[in-house]
Amino acid sequence: MTPAPVPAPERTLDPQDWDSLRQLGHRMVDDMLEYLATVRDRPCWQPVPDYVRSRLAEPVPMEPTPEAAV
């Protein structure tokens, strides 16, 4: 008799900590609304800084990145 197959580990997109994700989501909404509320205070165009341009030339990450870092 052959042994029963071992089930694969569960794969999920659920966060490990719902409360932390909720707090991050609230902070993101606050940041977006602050950006929109103050958009008229900034110039309509700015040159792309060199450090941003160099980051855009980097390869796409292949591993997960913590939500807060994104």
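A: A salt bridge is here a side-chain nitrogen of Lys or Arg within 4 Å of a carboxyl oxygen of Asp or Glu. By that criterion, a search of the whole structure finds two salt bridges. The structure is a predicted model, in which local features need pLDDT of at least 70, side-chain atom pairs count only at pLDDT 80 or more, and totals for chains, interfaces and linings use all residues. Residues are numbered from 1 along each chain as its sequence is written, and side-chain values use heavy atoms, with hydrogens and water left out.

The chain has two helices and zero strands; helices (H or I, at least four residues) and strands (E, at least two) are DSSP runs, numbered from the N terminus. Because Asp19 and Arg22 are three residues apart in helix H1, about one helical turn separates them. Arg22 is partly exposed, at a relative accessible area of 48%; buried means under 20% relative accessible area, exposed over 50%, and partly exposed in between (1.4 Å probe, protein chains only).

The other salt bridge is formed by the side chains of Arg55 and Glu58, at 3.3 Å from N to O. Glu58 lies in the segment after helix H2 (50-56). With a relative accessibility of 57%, Arg55 counts as exposed, whereas Glu58, at 42%, counts as partly exposed. Two separations place this pair in the chain. Between Glu58 and Pro47, eleven residues apart in sequence, the C-alpha to C-alpha distance is 19 Å. Between Arg55 and Asp41, 14 residues apart along the chain, the C-alpha atoms are separated by 26 Å. Asp41 itself belongs to the loop between H1 and H2 and is exposed, at 64% relative accessibility.

Helix H1 comprises residues 18-37 and includes Met32, which is exposed, with a relative accessible area of 51%. Met32 also belongs to a nonpolar surface patch, together with Met28, Val29, Leu33, Tyr35, Leu36 and Val39, and the patch has about 700 Å² of accessible area in total. Patches are made of residues with over 30% relative accessible area and no salt bridge, where like charges are joined within 9 Å and nonpolar side chains (Val, Leu, Ile, Met, Phe, Trp, Tyr) within 5 Å. Leu24 is likewise placed in helix H1, but its relative accessibility of 10% makes it buried.

Buried residues make up 4% of its 70 residues. Its accessible surface comes to about 7,600 Å², of which 60% belongs to carbon and sulfur atoms; such areas come from the Shrake-Rupley method with a 1.4 Å probe, and for residues only the protein chains shown count as cover. The radius of gyration is 21 Å, whereas a compact globule of 70 residues would have one near 11 Å; this radius is taken over C-alpha atoms, and the globule rule is 2.2 Å times the number of residues to the power 0.38. Along the principal axes, the C-alpha atoms fill a box of roughly 75 × 30 × 15 Å.
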